[in-house]
Amino acid sequence: MVPRSCLIRWKTRHLGSSIHPAVSFSRSLFASSQVYQTSWVQAVSNAEKVVGFPTSFLSLRSVANDEISNIAVYLKKLIGTGHPLITTAKNLVYSNDKTHQTRGLLVLLMSKAAKRESGQDILPEQRTLAEITELVHTAHLIHTGVINLNTPNANLEMGNKMAVLCGDFFLAHSCVQLATLQNLKVVELIAQAISDYSTAEFIDIIASENDSALDRWSQQMTLRYGSLIAHACQSTLILGNNVELIESGKSFGLEIALAWQANIEIQSFKSNANRADHVLSKLFPETPFVDVVANFQAVRDRHVNAALKLLTAFPQNDASLALGNIARALKC
Amino acid sequence: MVVSARITNFLAYSSLTVSRVSHLGNGSLRYQWLLCRNTSLLQLRSKIQTVVPSITSNVSVPKENIPTADALVRPDLEGLYEDIREGLTNTQPELRQIAQYYFNGEGKAIRPVITMCMARAINYHLDQNAPGVIQKQKKIAQIAEMIHTASLVHDDVIDVADSRRSRPSVNILWGQKKSIIAGDFILAMASGMLARLQNQQVIILLSQVLADLVQGEFMQLGARENKDERFAHYSEKTFKKTASLIAYSCQAVSVLSGADSTLQSIAFQYGRQLGMAFQLVDDLLDFIATSAQVGKPVAADLRLGLATAPVLFAAQKFSELNPLIMRRFQEPGDAETAFRLVLRSDGLQRTKELARQYCNDAVTQVAQLTPSPYQQALVTLAHQLLHRMK
């Protein structure tokens with residue numbers, strides 16, 4: 001069973017940002033290639049500068065709020081249980097230099113990229129939406145990290161309990177924040193994203209008569225990751241009243257999510273010792289390693305190119321350039 | 001059945017005077033004070049009316065012909081569960097199955113009944129007859145039931161339950177992982193429905209419920225060192241876990257009807273007081289029901305480590321209960337000892353009293369609405385709740 005690693009940096013307005021050389025990605029256990037790492041990191045770090053501090057995200061240490069500090073207590077309890085979600089919990093409580101809140105960043109970049117006049121800044125509602133996107137993603141990771149316990153085990157049961165409650169806390173907090181945005185369509189879109197990532201857990205990546213295994217993978221990834229990013233992009237454009245860019249933004253969100261995930265699979269496949277169990281082996285059975293990599297890189301590059309094409313609808317500015325750099329960095 | 005002016009005046013008098021005599025050591029006055037204190041601590045968007053008007057109208061419907069709330073709103077709730085299940089179909093087959101599992105119509109549907117009854121009573125009071133309004137109010141009833149059920153699914157995983165409503169619980173049938181995801185799915189669908197009601201305030205109210213439910217669950221995990229704080233902690237937890245959903249659902253349907261803040265407050269307060277009473281009665285029955293059964297000597301709450309109202313009251317007479325409460329009845333024999341001491345004390349009696357006070361307060365609230373069969377049914381609901389304790 002593969003433990004999920006979720007790496008999130010919880011920044012406050014007071015901390016400076018700097019370039020962090022080592023980055024890991026969700027669902028990937030193993031180190032990615034050096035070239036890829038550097039260009040991705042650089043693209044993301046530069047992008048963070050474009051939008052100022054990525055978020056006004058909760059910092060579990062700096063927010064003097066009863067509820068938040070309680071969460072820290074419960075996450076620490078999770079750490080003590082031996083539960084697979086320990087890494088996730090650790091990164092939430094002890095935020096370190098290795099974390100990026102990339103989904104929130106994408107939302108902020110999209111918000112800024114759509115501004116036609118240079119003076120316009122990202123709206124507070126858009127920043128809140130970026131925070132909500134990260135919260136929902138975190139809740140997703142935590143809840144999908146709950147493990148099935150067939151035999152009683154006090155520690156793991158406690159771990160599950162903490163995982164359920166903390167995930168619920170993040171979801172509830174997201175809903176309350178969503179309500180403050182005073183936009184019904186956005187509430188509907190994010191609710192749809194949560195429903196989609198739930199549905200994704202029940203999809204098998206097995207070829208059927210109508211769909212190839214690759215189609216099923218696409219469907220699953222669209223629901224699991226694409227929906228949240230796409231709907232978040234769409235929502236931020238709604239909030240920014242950039243009606244004409246909504247379709248492009250939404251599609252861009254989807255393409256970048258698929259490209260990103262495809263790249264994660266490729267990198268982990270390359271560095272994974274046990275390839276037979278990897279999802280790519282299942283997508284391309286009985287294919288030599290080199291061909292599997294090449295095939296999936298082609299899939300990834302299709303999505304990257306589609307994303308770049310959609311970006312051309314946006315005004316040329318620092319933010320849209322940063323988005324392009326991030327997309328291109330995935331191709332390495 | 002008739003809320004006499006004398007009782008309401010007494011309540012009004014006592015709630016006004018008690019707030020000035022909070023230093024009195026007398027137990028029941030102290031808890032009435034807590035009742036008032038908790039009332040004023042609520043985060044309501046509207047101002048809370050604490051002065052109780054004197055009741056002069058008597059209900060004219062003869063006693064024997066008063067329909068129960070359940071019967072009155074049955075037409076409105078026709079197909080409630082079918083509609084909910086319908087709303088959960090747009091997904092993978094297995095997720096659909098898990099999500100629909102608890103919506104088989106076996107539950108008491110107490111929340112939809114209260115919600116629709118309040119909706120009808122408020123509509124009558126405001127002479128609100130627009131067809132769109134009742135449709136939306138029915139959706140609130142559905143959403144309330146979905147939120148409640150999603151929380152049950154998560155609770156079953158958290159409590160490692162093995163059965164619910166005489167059937168295996170979801171976590172037993174599908175495992176914890178899928179059950180949690182199913183709970184999230186139900187919540188997401190409920191949120192989508194909420195958004196489509198096109199009312200900002202209603203979304204704010206019901207999303208607050210979600211936050212309260214989680215916080216209530218966290219509160220239940222924690223314990224208060226200081227025994228004087230324990231009852232306040234228990235009250236707040238009870239509000240968040242049980243009463244919040246009912247209170248905000250009632251307020252939400254009143255908002256949809258066009259209620260002003262005063263009327264919304266009445267709806268909210270009724271839901272809140274009834275919800276608090278509901279939980280107290282549940283906590284009481286947890287003791288009474290088990291003592292009637294052979295071979296099951298301890299209450300389920302005690303076994304879960306929870307100190308509910310009967311225990312907290314008993315601890316005032318038997319201070320040896322305090323260490324047991326602090327260690328959540330973990331040591332062997334703790335639960336049995338606590339159970340025995342509760343039965344020996346006046347804990348059950350005082351819990352009944354408190355439930356009665358909450359019910360009376362709820363009745364006082366809706367007595368301010370224009371008399372109608374629905375308004376009367378809301379009163380009946382409170383009385384029926386008290387009857388469960390007998």
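Guide: The expected span of a helix is 1.5 Å times one less than its number of residues. The model shown here is predicted.

Visitor: How far apart are the end C-alpha atoms of helix 8 of chain A?
Guide: Helix 8 of chain A covers residues 213-239, which is 27 residues. At 1.5 Å a residue, those 27 residues should span 39 Å. The value found in the model agrees with that, as the end C-alpha atoms are apart by 37 Å.

Visitor: At which residue does helix 8 of chain A bend?
Guide: The bend in helix 8 of chain A is about 55°. Its place is G226(A).

Visitor: How many residues of helix 8 of chain A are buried?
Guide: Buried means under 20% relative accessible area. Helix 8 of chain A is largely enclosed by the rest of the structure, because of its 27 residues the number buried is 21.

Visitor: Is N241(A) buried or exposed?
Guide: A residue counts as exposed when its relative accessible area is over 50%. N241(A) has a relative accessibility of 60%, so it counts as exposed.

Visitor: In which loop is Q182(A)?
Guide: Q182(A) is not a glycine, yet it has a positive phi of about 55°. At 46% relative accessibility, Q182(A) counts as partly exposed. Its loop in chain A is the one between helix 6 (154-180) and helix 7 (184-200).

Visitor: What covers the buried residues of helix 11 of chain A?
Guide: Helix 11 of chain A, residues 289-311, has 23 residues and reaches 33 Å from its first C-alpha to its last, close to the 33 Å expected. Its buried residues include V292(A), F296(A), R300(A), H303(A) and L311(A). The cover over the buried residues of helix 11 includes these helices of chain A: helix 8, helix 9, helix 10 (279-283) and helix 12 (318-329).

Visitor: How many helices does the secondary structure of chain A come to?
Guide: Chain A has 332 residues, and 60% of them count as buried. Along the sequence, its pattern is α-α-α-α-α-α-α-α-α-α-α-α. With 0 strands, the secondary structure of chain A consists of 12 helices.

Visitor: What share of the residues of chain B count as buried?
Guide: Chain B has 17 helices and 2 strands. Among its contacts between residues at least 6 apart in sequence, 76% join residues at least 24 apart. Of the 390 residues of chain B, the share that count as buried is 57%.

Visitor: Which three residues supply more than any other three of the area that chain A buries against chain B?
Guide: In the model, 38 residues of chain A are in contact with 38 residues of chain B. The two chains bury about 3500 Å² between them, with 70% of it on carbon and sulfur atoms. On the side of chain A, 21% of the area buried against chain B comes from L165(A), L184(A) and F202(A).

Visitor: How do the rings of Y101(B) and Y102(B) pair: stacked, edge-to-face or tilted?
Guide: The whole structure holds 13 aromatic pairs over all chains. The ring centres of Y101(B) and Y102(B) are 5.4 Å apart and their planes are at 40°, so the pair is tilted.

Visitor: How many residues apart in sequence are the parts that F239(B) and F268(B) tie together?
Guide: F239(B) and F268(B) form a tilted aromatic pair, with 6.3 Å from centre to centre and 50° between the planes. F239(B) lies in helix 10 (residues 227-257) of chain B and F268(B) in helix 11 (residues 261-292) of chain B, so the separation in sequence of the parts they tie together is 29 residues.

Visitor: Which residue has its charged end over the ring of Y101(B)?
Guide: Both Y101(B) and Y102(B) are buried. Over the face of Y102(B), at 5.8 Å from the ring centre, lies R165(B). Over the ring of Y101(B), 4.1 Å from its centre, sits the charged end of R167(B).

Conventions:
Residues are numbered from 1 along each chain as its sequence is written. Chains are lettered from A and ligands numbered from 1 in the order in which they are written. This is a predicted model: local features need pLDDT of at least 70, side-chain atom pairs count only at pLDDT 80 or more; totals for chains, interfaces and linings use all residues. Side-chain values use heavy atoms; hydrogens and water are left out. Rings of Phe, Tyr and Trp (its six-membered ring) pair if their centres lie within 6.5 Å; planes under 30 degrees apart count as stacked, over 60 as edge-to-face and the rest as tilted. Buried means under 20% relative accessible area, exposed over 50%, partly exposed in between (1.4 Å probe, protein chains only). Helices (H or I, at least four residues) and strands (E, at least two) are DSSP runs, numbered from the N terminus. A charge sits over a ring if NZ of Lys or CZ of Arg is within 6 Å of the ring centre and within 35 degrees of the ring normal. The bend at a residue is the angle between axes fitted to the seven residues ending there and the seven starting there. Contact means heavy atoms within 4.5 Å. Buried area is the accessible area (1.4 Å probe) that two parts lose on being put together, summed over both.
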